[in-house]
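Notebook open, model loaded. I'm jotting down what I look up as I go.

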Protein chains: 2
Amino acid sequence: MNDFTYYNPTKIEFGKGKEKKIGTYIKEAGYDSVLLAYGTGSIKKGTLYDDTIASLKEAGVAFEEFGGIVSNPVLSKVQEGVKIAKEKKVQAVLGVGGGSVADSVKAIAAGAKYDGDVWDFFIQKAQITEALPVFTVMTLAATASEMNGNSVITNEDTQQKYSISSVHVNPLVSVINPELMATVSKDYLAYSAVDAIAHTIEVYFTAASHPNFNSRIVEAIIKTIMETTEILIENPNDYEARGEFAWAATQALNGLTPAGTHGGNFPNHMIEHALSALYNVSHGAGLSVVIPAWMKWYKEKNLPQFERFAKELFNLQDADAGISALESWFEKISSPVTLKQAGIPEEGIAEIADNAAELATLWGIGELYNSETIAEILKKA
Amino acid sequence: MNDFTYYNPTKIEFGKGKEKKIGTYIKEAGYDSVLLAYGTGSIKKGTLYDDTIASLKEAGVAFEEFGGIVSNPVLSKVQEGVKIAKEKKVQAVLGVGGGSVADSVKAIAAGAKYDGDVWDFFIQKAQITEALPVFTVMTLAATASEMNGNSVITNEDTQQKYSISSVHVNPLVSVINPELMATVSKDYLAYSAVDAIAHTIEVYFTAASHPNFNSRIVEAIIKTIMETTEILIENPNDYEARGEFAWAATQALNGLTPAGTHGGNFPNHMIEHALSALYNVSHGAGLSVVIPAWMKWYKEKNLPQFERFAKELFNLQDADAGISALESWFEKISSPVTLKQAGIPEEGIAEIADNAAELATLWGIGELYNSETIAEILKKA
């Protein structure tokens, strides 16, 4: 067990109809006004938009609307949000939507308390020392953004998809109502499943030490995601499966799974961030392309853990068979596993590799991951 | 999945030497003085006492010493602590020790902000609405008291061993350094293992619903506790095993395992609290007596989950075999499994049952657990 600090002060309000109390949660936390941020679609499905507005009004929380956040959220939109938050002097930010909305409100929350450009945080030119309080109501389970301090934003000018991580932007309160997630398309359900699985296996495979306890928690999460995804493909309205999927996805990236491991990193996310910075691919779809390729490339560096993975997840005896089984499962749920299936031309590999290599340097793993090795991985896809 | 609120704002500082920073943690949280509470032994082993004092002095945190807390901690001692905390106007409380010390400082923290008798909280005559900030340095892994809002205290006058649960007494920061736990005796290691397992199986068996995800997390915890206990019996200085044991025990009762289940309760703890209120038995030793007896009595009420338990933990096919396997494992680690082994006379059963039945009424499970049914369970032990 490596030394660690575990601190996750986000309160999760999980269950049916809890979004109707979001105004109360904000008021009880001591805030009277919010920037109400949302995307391009999910808040207007059903009654969520109306319920949110009604809840804020009822609780006496003033709000400034800020819609139109897109998936693979972009810096210019975050900068616009920061400007409004500063001008209107809102006391807090509320994101209603999926991971893109949650990530955007966190960046806005940090930017609103900073005199410089919010991008400074992403290129590690400045450290986040304070932020507006963040609240979220989630309409998609995948990113765990509802219970962590991470935010991934794309700078359209530089084609850099970079991230921040700070407890200052952990949501104070996040609402997870599985009912709000029932309208997600089968495509996005699959991409979400891939994303949640990806969050756990990065450290599972790359850490220098693997406490059995951490491995078991990861395996519990992956088993749950796989099992419930298959149920939800058949029956999107299965509330139990939707709930377990959502909560397992939250646990996948809230600090629990890496606590006590040592030296883990996120190469699949790194490569995928480059991929979707350059091509308009869903994060989960990009990950299901990268992961099997990366696993084939990386397995010799940590064979015992790949054998464990094969055994525990698929009851198979060797590492290659485990990798193939995961790849087949991605195909089964209709998530792409080759660049071609994701609509990315082979000629794009060099540019993606160069882009990812820059990120590798920023993340301090540039020794193992450079343009050559990343291209080598991508060629396996 | 049942609706739930998950909120656990305790920061865990896990690792070697972290106790030497406790003064800094307190100061950084904004406090200048503490009641420094400890027990009768563990703080004086090695350099922990000196390190604690040095850390407080170095950080400029004034302290009032309050030693002598015993296991199965008692109300009179808590009341004494409350009195000192009020008189000396300390800003926070720091417990250095095991679960008894942690539980005592929580009760002191609540009592110090209350005009009436602190026992009012335990008999649900009053609700905790505020408390002094709590900090802990743990020398024993078992209770998860370092990361929850629970406190169990015995009123010696009434022979009631009752509890409170409030996020107001969740520690702000808890230090878990596995090295500080290496001197625990084999007896107490075994009792700690039983306690941690007990925390997970109560809800695992008694909940009206069992999401697979929750069951998997519980099984991951139990497997880890059993595996690491066996390693530690052979080699008390195995740091990895000590660390995994400690962290798994923390996860066993920090709110994670029951989140989303429905209707679970704590009958084994209830009966054991009565048992150790009347007899001077270690909590874990009492639990290993009660659990197999209770399982035999209860199994027909939730047979599928008992079958799952047998399969997942011991690779056995039927419920009875699973219960026997757990009982045998308790015997293997030398924790008592009969009243006789725990030094409790059969004639004591009626009094224990009456005492536990009072608690059952307070906990709202008096319909199933009355003097007769509890005596029936105890006769199986």
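I started with strand 1 (residues 4-6) of chain A, which pairs with strand 2 (residues 11-14) of chain B in the antiparallel sense, over 3 bridges. This is a predicted model, so I'm reading the pairing as a prediction. I picked out A:Y6 and found it opposite B:I12.

**A lysine.** Next I looked up A:K77, in helix 3 (residues 75-88) of chain A. Is A:K77 buried or exposed? Its relative accessibility is 17%, and buried means under 20%, so A:K77 counts as buried. Leaving out residues up to four places away in sequence, I see A:K77 touching A:F66, A:G67, A:G68 and A:I69.

**Helix 6 of chain A.** This one covers residues 186-206, and its 21 residues reach 30 Å from the first C-alpha to the last, close to the 30 Å expected. I also noted a bend of about 25 degrees at A:T200. Why do I call helix 6 largely enclosed by the rest of the structure? Because 18 of its 21 residues are buried.

**A record to compare.** In an unreviewed entry, UniProt places "domain: Fe-containing alcohol dehydrogenase-like C-terminal" at residues 190-381 of chain A. I checked that span: it is 68% helix and 0% strand, and its end C-alpha atoms lie 19 Å apart.

**Helix 13 of chain B.** The 14 residues should span 20 Å at 1.5 Å a residue, and the end C-alpha atoms are 20 Å apart, so the two agree. Its buried residues include B:I349, B:I352, B:A353 and B:A356. Residues three or four places apart on an α-helix point the same way, because there are 3.6 residues a turn. What covers the buried residues here? I found strand 8 (160-165), helix 9 (267-278) and helix 14 (371-379) of chain B among the cover. After the helix comes B:G364, with a positive phi near 75 degrees.

**The core.** Last stop: the largest nonpolar core, with 232 residues. Among those that touch the most other members are A:W247, B:W294 and B:Y369. I listed contacts for B:Y369, skipping neighbours within four places in sequence; they include B:P267, B:W294, B:A357, B:A360 and B:I374.

Terms used
Residues are numbered from 1 along each chain as its sequence is written. Chains are lettered from A and ligands numbered from 1 in the order in which they are written. This is a predicted model: local features need pLDDT of at least 70, side-chain atom pairs count only at pLDDT 80 or more; totals for chains, interfaces and linings use all residues. Side-chain values use heavy atoms; hydrogens and water are left out. Helices (H or I, at least four residues) and strands (E, at least two) are DSSP runs, numbered from the N terminus. The expected span of a helix is 1.5 Å times one less than its number of residues. The bend at a residue is the angle between axes fitted to the seven residues ending there and the seven starting there. Buried means under 20% relative accessible area, exposed over 50%, partly exposed in between (1.4 Å probe, protein chains only). UniProt positions are given in the numbering used here, feature names are shortened, and annotations may be inferred rather than shown by experiment. A nonpolar core is a set of buried Ala, Val, Leu, Ile, Met, Phe, Trp, Tyr and Cys residues joined through side-chain atoms within 4.5 Å. Contact means heavy atoms within 4.5 Å. Two strands pair if DSSP finds at least two bridges between them.
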